[in-house]
Amino acid sequence: MKVTKLALDKSQMKLTVEVSAADFAPFIEKASRHLAERVNVPGFRKGQAPFEVVKKQLGEMAIFEQAAELAVQKTLPLAIEQE
């Protein structure tokens with residue numbers, strides 16, 4: 001995780017947080033499992049559908065959006081604490 005800090009006016013700060021692909025991969029897997037639990041995938045019990053089936057059913061962008069949300073929830077407090 002790379003954090004860049006930029007001071008703005010009126011006591012404000014702008015943090016830019018970059019997460020490498022290797023660090024983002026677990027969030028993609030977790031997002032896929034999370035979405036599989038919420039969506040009924042024919043032929044699979046809830047939460048048991050593999051990544052490729054979930055990707056085909058919901059689309060890759062749905063998984064990436066959920067993964068980004070999870071990544072922000074996890075890394076934002078760490079970045080704030082670091083800076």
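Tutor: Buried means under 20% relative accessible area, exposed means over 50%, and partly exposed is in between (1.4 Å probe, protein chains only). The model is predicted: local features need pLDDT of at least 70, side-chain atom pairs count only at pLDDT 80 or more, and totals for chains, interfaces and linings use all residues. Residues are numbered from 1 along each chain as its sequence is written, and side-chain values use heavy atoms, with hydrogens and water left out.

Student: Is Phe-27 buried or exposed?

Tutor: Phe-27 has a relative accessible area of 14%.

Student: How many aromatic pairs does a search of the whole structure find?

Tutor: Rings of Phe, Tyr and Trp (its six-membered ring) pair if their centres lie within 6.5 Å. By that rule, the number of aromatic pairs found is one.

Student: Which class describes the rings of Phe-24 and Phe-27?

Tutor: Their centres are 6.3 Å apart and their planes meet at 45°. Planes under 30 degrees apart count as stacked, over 60 as edge-to-face and the rest as tilted. So the pair is tilted.

Student: Which helix holds both Phe-24 and Phe-27?

Tutor: Helices (H or I, at least four residues) and strands (E, at least two) are DSSP runs, numbered from the N terminus. Phe-24 and Phe-27 are three residues apart, about one turn of the helix. Both lie in residues 21-38, which is helix α1.

Student: What covers the buried residues of α1?

Tutor: The buried residues of α1 are Phe-24, Phe-27, Ile-28, Ala-31, Ser-32, Leu-35 and Ala-36. Their cover includes α2 and α3.

Student: Which residues does Ser-32 touch, not counting residues up to four places away in sequence?

Tutor: Ser-32 is in helix α1. At 2% relative accessibility, Ser-32 counts as buried. Contact means heavy atoms within 4.5 Å. On that basis Ser-32 touches Phe-51, Val-54 and Ile-63.

Student: How many salt bridges are there?

Tutor: A salt bridge is a side-chain nitrogen of Lys or Arg within 4 Å of a carboxyl oxygen of Asp or Glu. By this rule the count is three.

Student: How many residues apart in sequence are the parts that Lys-5 and Glu-83 tie together?

Tutor: Lys-5 and Glu-83 form a salt bridge, with the closest N and O atoms 3.8 Å apart. Lys-5 lies in strand β1 (residues 2-7), Glu-83 in the segment after α3 (60-82). So the parts tied together are apart in sequence by 78 residues.

Student: What is the N to O distance between Glu-29 and Arg-33?

Tutor: Glu-29 and Arg-33 both lie in helix α1, four residues apart, about one turn of the helix. Their side chains meet in a salt bridge, at an N to O distance of 3.7 Å.

Student: Which helix holds Lys-55 and Glu-52?

Tutor: The side chains of Lys-55 and Glu-52 meet in a salt bridge (3.6 Å, N to O). The two are three residues apart, within residues 51-58. That run is helix α2.

Student: How many bridges join β1 to strand β2?

Tutor: Two strands pair if DSSP finds at least two bridges between them. Strand β2 covers residues 13-18 and runs antiparallel to β1. The number of bridges joining them is six.
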